[in-house]
Amino acid sequence: MPEEAEGTAAVPTREIRDFLRRRREQIAQRWSDEPVFRTVFTLSRDEAVEAGKAVVDALAQVADAARVEDPDAAGFTTVREQLARMGAARSRAGLSTAQVSSELAALRPPVENLLVSDLPEDATAEHVRACVTTLSVLMGTLRVVVMQTALSEGQALIDRQRLQLLEVATPVIKLWDGIVAVPLIGTLDSARSQVVMETLLESVVEQQARYAILDITGVPTVDSLVAQHLMKTVAAARLMGAECIVSGIRPAIAQTMVHLGLDLGTVVTRASLADALGYVLHQLGVGIVTPGTNGAVAR
């Protein structure tokens, strides 16, 4: 009995598979006029039709494997990139997730109508209902795949943009031959602290810098992890052959570092970026001359 039941359950999936393969062209033609295809594949209608055929082939493969409820079915693998492109394009056009989902749901009625007209006239109501239900489940799974893939692509894009913003927000400035500085403004977290370290070390190598100034005047506070990252940055710069000077430590940050028991004995600190630059120039043997009331005064 179990084997017989399993065989009976497999009949609708096989019928849907055969239907999709048989009516591949007609389904793709109908889909090519739907917004989710028409607005993405804009070069020609033929392009939209070909994209529709690829999706139909994927659905037929999923039905052939009797995995109509599985978004991870192998049949979807070949069209995931295309489906992601479709979902992402509609999102970029300003559509909400619910609207994109509604457009995908609109793909089902044309196929369902074609299926009902394609079934034998003597098919029982129960058989028709089973086939329509199977098709509905398969189309629902397609919607899930599109939304999952589009969301994953969207998150990947957000992550890339976030990293780009972190890099832009962490500029390395060449102040003098052999001197670079990183002026930090805003909240520091572990991710940004890591970017600071990588960016600074890359600049030390590119500029062949002997001194690196890490100015945190614009940083309101740091936590224990960020403080440790800063210390590691200083140590890493030293390993690269550059002396790292930390300037602009606020009282609250100084207290945090003391409470954490961080050893700053080997770290050169200065009250401001100007003081740090003056220290480094002095170390390089560069004289600084400032105008005074009775003429120029060397410092």
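**Side-chain contacts in a predicted model**

Arg 22 makes a salt bridge to Asp 118, and 2.5 Å separates the closest N and O atoms. What is the relative accessibility of Asp 118? The value is 18%, and Asp 118 counts as buried because the cut-off for that class is under 20%.

Asp 118 also forms a salt bridge with Arg 23, where the closest N and O atoms are 2.8 Å apart. Arg 23 lies in the loop between H1 and helix H2 (24–31) and Asp 118 in helix H7, so this pair ties together parts that are 95 residues apart in sequence. Arg 23 counts as partly exposed, at 26% relative accessibility.

Which side chain meets that of Glu 25 in a salt bridge? The partner is Lys 53, at 2.8 Å from N to O. Here too the pair links distant parts of the chain, with Glu 25 in helix H2 and Lys 53 in helix H4 (residues 45–64), 28 residues apart. Are these two residues buried or exposed, or something between? Glu 25 is partly exposed, its relative accessible area being 35%, while Lys 53 is buried, at 11%.

A further group deserves mention: a network of salt bridges links Arg 17, Asp 18 and Asp 64. In total, the count of salt bridges comes to 11.

I now come to the aromatic residues. How many aromatic pairs does a search of the whole structure find? The search finds 1. That pair consists of Trp 31 and Phe 37, which are stacked, with 5.9 Å from centre to centre and 15° between the planes. The pair counts as stacked because planes under 30 degrees apart fall in that class. Trp 31 is buried, at a relative accessible area of 1%, and Phe 37 is likewise classed as buried, at 0% relative accessibility.

Finally, there is a contact between a charge and a ring. The charged end of Arg 270 sits over the ring of Tyr 279, at 4.5 Å from the ring centre.

Technical notes
Residues are numbered from 1 along each chain as its sequence is written. This is a predicted model: local features need pLDDT of at least 70, side-chain atom pairs count only at pLDDT 80 or more; totals for chains, interfaces and linings use all residues. Side-chain values use heavy atoms; hydrogens and water are left out. Rings of Phe, Tyr and Trp (its six-membered ring) pair if their centres lie within 6.5 Å; planes under 30 degrees apart count as stacked, over 60 as edge-to-face and the rest as tilted. Buried means under 20% relative accessible area, exposed over 50%, partly exposed in between (1.4 Å probe, protein chains only). A charge sits over a ring if NZ of Lys or CZ of Arg is within 6 Å of the ring centre and within 35 degrees of the ring normal. A salt bridge is a side-chain nitrogen of Lys or Arg within 4 Å of a carboxyl oxygen of Asp or Glu. Helices (H or I, at least four residues) and strands (E, at least two) are DSSP runs, numbered from the N terminus.
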